[in-house]
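Please look at the structure shown here with its sequence.

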Amino acid sequence: MSILGSADRLAEALAHLGMTIDTRAETGDASSSWTAKLLSKGVGACADKAEEEAGEFIQALREESNDRVASEAADMLYHALVALRVRGVSLDDVAAALETRQGTSGIAEKASRKG
Ligand SMILES: N=c1c2ncn([C@@H]3O[C@H](COP(=O)(O)OP(=O)(O)OP(=O)(O)O)[C@@H](O)[C@H]3O)c2ncn1[C@@H]1O[C@H](COP(=O)(O)O)[C@@H](O)[C@H]1O
């Protein structure tokens, strides 16, 4: 099975989520928005939550159904985006980092670090 599925669908979902997080950061109310509440606690709390969600994703990978893996991956991506926002790193910055790696094998990149 391909990892890609529908690239447009994923791009749209991430863009929508990114817009929602930006809106919550700018005008959200911590009493009604989880995003606004988490952002108001700062980098440390966002990092702790991202770490917790990464752990839950890994546990799902090891022990749970594919539906649970997808759900935990969604939680992890959401909390990664919130953490990026609190640090002021945009999805454009992440896209740029990914683009610089396109066409370079991970094995070749690792070998270049050793030399
Ligand atoms: N994708 C998410 C999302 N994923 C997870 N969460 C919340 O993250 C919180 C923590 O999840 P956990 O599974 O860890 O729950 P928990 O263990 O009970 O949480 P703890 O209090 O113990 O940390 C829960 O309140 C979840 O609802 C999310 N909250 C928001 N979003 C997206 O952000 C949008 C805006 O949400 P608000 O900011 O809440 O309006 C939503 O419409 C969604 O699209």
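Are α3 and α4 roughly parallel or roughly antiparallel to each other? This is a predicted model, in which local features need pLDDT of at least 70 and side-chain atom pairs count only at pLDDT 80 or more, while totals for chains, interfaces and linings use all residues. Residues are numbered from 1 along each chain as its sequence is written.

Two packed helices are described by the angle between their axes and the distance between the axes. The axes of α3 (residues 43-63) and α4 come within 8 Å and cross at roughly 160°, where axes are lines fitted to C-alpha atoms over the stretch in contact and angles run from 0 to 180 degrees between N-to-C directions. The two helices, α3 and α4, are therefore roughly antiparallel, a term for angles over 145 degrees.

In α4 (residues 66-87) lies V82, and helices here are DSSP runs (H or I, at least four residues), numbered from the N terminus. V82 is buried, with 23 other C-beta atoms within 10 Å; buried requires 20 or more such atoms, placed from the backbone. Leaving aside neighbours within four places in sequence, V82 is in contact (C-beta atoms, placed from the backbone, within 7 Å) with I21, T35, L38, L39 and C46.

The residue classes are tabulated below, with Ala, Val, Leu, Ile, Met, Phe, Trp, Tyr, Cys and Pro as nonpolar, Asp, Glu, Lys and Arg as charged, and the others, Gly among them, as polar.

| Group | Residues by class |
|---|---|
| Contact of α3 with α4 | 15 nonpolar, 1 polar, 7 charged residues |
| Shell around the ligand | 4 nonpolar, 4 polar, 2 charged residues |

Key: Buried ≥ 20, exposed ≤ 12 C-beta atoms within 10 Å, placed from the backbone. Contact = placed C-beta atoms within 7 Å. Parallel < 35°, antiparallel > 145°, perpendicular 65-115°, else oblique.
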